[in-house]
Amino acid sequence: MSAMRRLDARDTWRIALLALLWLALLAWARPLMLPDEGRYVGVAWWMQQSGDWTLPTLDGLPYFHKPPLFYWITGLALRLFGVREWAARAASLLAACGGGMALFCLLRRWWGARVAALALVALLAQPFWYLGGQFANLDMLVAGCITATIVLLAHAALLAERGMAHRRALLAAYAMAALGVLAKGLIGFVLPALVISLWLLAGRRWRTLLKLPSLPGSVVFVAIAAPWFIVMQMRFPGFLHYFFVVQHFQRFAAGGFNNVQPFWFYPVVLALVTLPWLPWLRPQFEKGRLADATRGDLRLLCWVWLVVIVGFFSLPSSKLLGYILPAVPPLAALLADGIDTWRGRGTRGWRWSAALSVALAMLAVAVLARHTPHSSKPLARVLHAQRHADAPVYVLDEDFFDLPFYARLARPVVYVQPWDNPDLRHHDNWRKELLDAGGFAPTRASQLLLPPSRFPAALCAQSEAWAVGPQGVLAGYPFLASATRAASTREAALWRLDMHQPQLRRALGCRGTPTAG
């Protein structure tokens, strides 16, 4: 028996490695996308540049929209492997693999190896999960944590009902829930607790539910999740209100945020991204499926899991695709169960579903690699090659959050915008994010958030400066016509401003001689 356990463990690690290699296969093939990938990788970039691993900063300003787990993983990957897209996406890759393997282990233990393998294939082949694993934002990280927490809680509940040792699984669930909180906040433990509670109550198994609260587990949870929040509140009074009230409750309950979609948005999205697999759900609607003594229990869990995630994120008006990634693993399990049922009846066409899903995933990556909108990577390469280390960089009228990463900048850029316009605080966009961040460090913000009226004087004080902005920015900054256009793309341009040039100094109205930057 011990030899069998060792063999199973080795097989599981081999499968995990293959899953990770598959997910990472094309993680290097396209530039970071703006705004999300550029923003979150940028925060990780500044964290590892500054050496302050407790404070997330957006362009050097405290950024408290999200907790730090993604930045820690990404910053460490960048420190180890350098400026590479696949390293920037390490957190999402690990989470996609971890979530898939958690589902695989649960199904292998309670349903058998065949269904577990089918579920893993159905999950990893889906374009939604595959692309989510190659997208550097927090959605896949929290989806992986939520998946692992639900799996561990369900496993602990099933063990407890059979009188088997379950406390290790329960402690692991509490630890994973804490990581979920550090990944994206309260949903890291609220959603798993809601799913498991409704699953057990639907089966009238309240005695099992009462076995899941754990004092040692709570200690583990607090020890992992609480310290960062305590440290930030001590350093920045008002942090807890901003993080929990503004970024959690107001974003969930109130309007005024981007990406407003109707209530039915997520069900339609899930149906479309799972389209090649949908026929295999048909057996799930046959009578008696949930009453099946062998598999009915976990079938009910998967349905509750799916409905809770979709329903929860359908309530707020602001909706992003990545929010419902935690609903994909239970859907994959239901698909695998349906495939296994039809295989028993002589139907084996599920391979065509997998092949079509893989083809769609490859096509999506190819399209994005061919044209990534608004990427500053070509401009950043020129900036990195030609810029003197102390020359300041000014960003005009756009975010370009990926610029510091690709240009390997060691100090923040200066964003030039009409920051004194009060209307900027009423729109949920990158400008408001920087203004909110600046509210926690006003002195620093006065140096990095520059209104256009102060821009010429700031340039006149430099020896050399660089500016990047959209192609139409010359209308607002006509003196750039006297600067050297170092590089350009279809959407943006990079200018070198040599402040020793008399023509440029006249256009800016400079007096005296330039000083070192």
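The model is predicted, so local features need pLDDT of at least 70, side-chain atom pairs count only at pLDDT 80 or more, and totals for chains, interfaces and linings use all residues. Residues are numbered from 1 along each chain as its sequence is written, and side-chain values use heavy atoms, with hydrogens and water left out.

**Exercise 1. The core**

Find which residues touch the most other members of the largest nonpolar core.

Step 1. A nonpolar core is a set of buried Ala, Val, Leu, Ile, Met, Phe, Trp, Tyr and Cys residues joined through side-chain atoms within 4.5 Å. Buried means under 20% relative accessible area, exposed over 50%, and partly exposed in between (1.4 Å probe, protein chains only).

Step 2. Read off the members. The largest core has 186 residues, and W199 and L497 touch the most other members.

Step 3. Helix α8 (residues 138–161) does, with 16 residues. Helices (H or I, at least four residues) and strands (E, at least two) are DSSP runs, numbered from the N terminus.

Step 4. List the partners of L497. Contact means heavy atoms within 4.5 Å. Residues up to four places away in sequence are not counted; L497 then touches L459, S463, E464, A465, W466, A467, F479, L480, A483 and L504.

**Exercise 2. Helices α5 and α8**

Describe how α5 (residues 90–110) and α8 cross.

Step 1. Know what to look for. Two packed helices are described by the angle between their axes and the distance between the axes. Axes are lines fitted to C-alpha atoms, for helices over the stretch in contact, and angles run from 0 to 180 degrees between N-to-C directions.

Step 2. Take the values. The axes of α5 and α8 come within 8 Å and cross at roughly 20°.

Step 3. Classify the angle. Under 35 degrees counts as roughly parallel, over 145 as roughly antiparallel, 65 to 115 as roughly perpendicular, and the rest as oblique. So α5 and α8 are roughly parallel to each other.

Step 4. A crossing is left-handed if the near helix is turned anticlockwise from the far one by less than a right angle, and right-handed if clockwise. For α5 and α8, the crossing is left-handed.

Step 5. Look at the residues. From α5 they include A91, A95 and G99; from α8, they include G144, A148 and V151.

Step 6. Sort by class. Ala, Val, Leu, Ile, Met, Phe, Trp, Tyr, Cys and Pro count as nonpolar, Asp, Glu, Lys and Arg as charged, and the others, Gly among them, as polar. The contact of α5 with α8 has 13 nonpolar, five polar and one charged residues.

**Exercise 3. Helix α10 and its partners**

Describe how α10 (residues 187–202) packs with α15 (residues 296–314), then how it crosses α9 (residues 167–184).

Step 1. Start with α15. The angle is about 135°, and the axes are 9 Å apart. That makes α10 oblique to α15.

Step 2. The crossing of α10 and α15 is right-handed.

Step 3. Name some residues. Among them are L191, L194 and W199 in α10 and L301, W305 and F312 in α15. This contact has 16 nonpolar, no polar and one charged residues.

Step 4. Turn to α9. The axes of α9 and α10 come within 7 Å and cross at roughly 130°. Therefore α9 is oblique to α10.

Step 5. Name the contact. A177, G180, V181 and K184 in α9 meet I187, G188 and F189 in α10. By class, that is four nonpolar, two polar and one charged residues.

**Exercise 4. Backbone exceptions**

Locate a cis peptide bond and the non-glycine residues D59 and D397, each with a positive phi.

Step 1. Recall the rule. Most residues other than glycine have a negative phi, and most peptide bonds are trans.

Step 2. Take the bond. From L34 to P35 the peptide bond is cis, with omega near 5°. P35 is in the loop between α1 (2–23) and α2 (36–50).

Step 3. Take D59. Its phi is about 55°. D59 lies in the loop between β1 (57–58) and β2 (61–62). At 3% relative accessibility, D59 is buried.

Step 4. Take D397. Its phi is about 65°. D397 sits in the loop between β3 (393–396) and α19 (403–407). With a relative accessible area of 27%, D397 is partly exposed.
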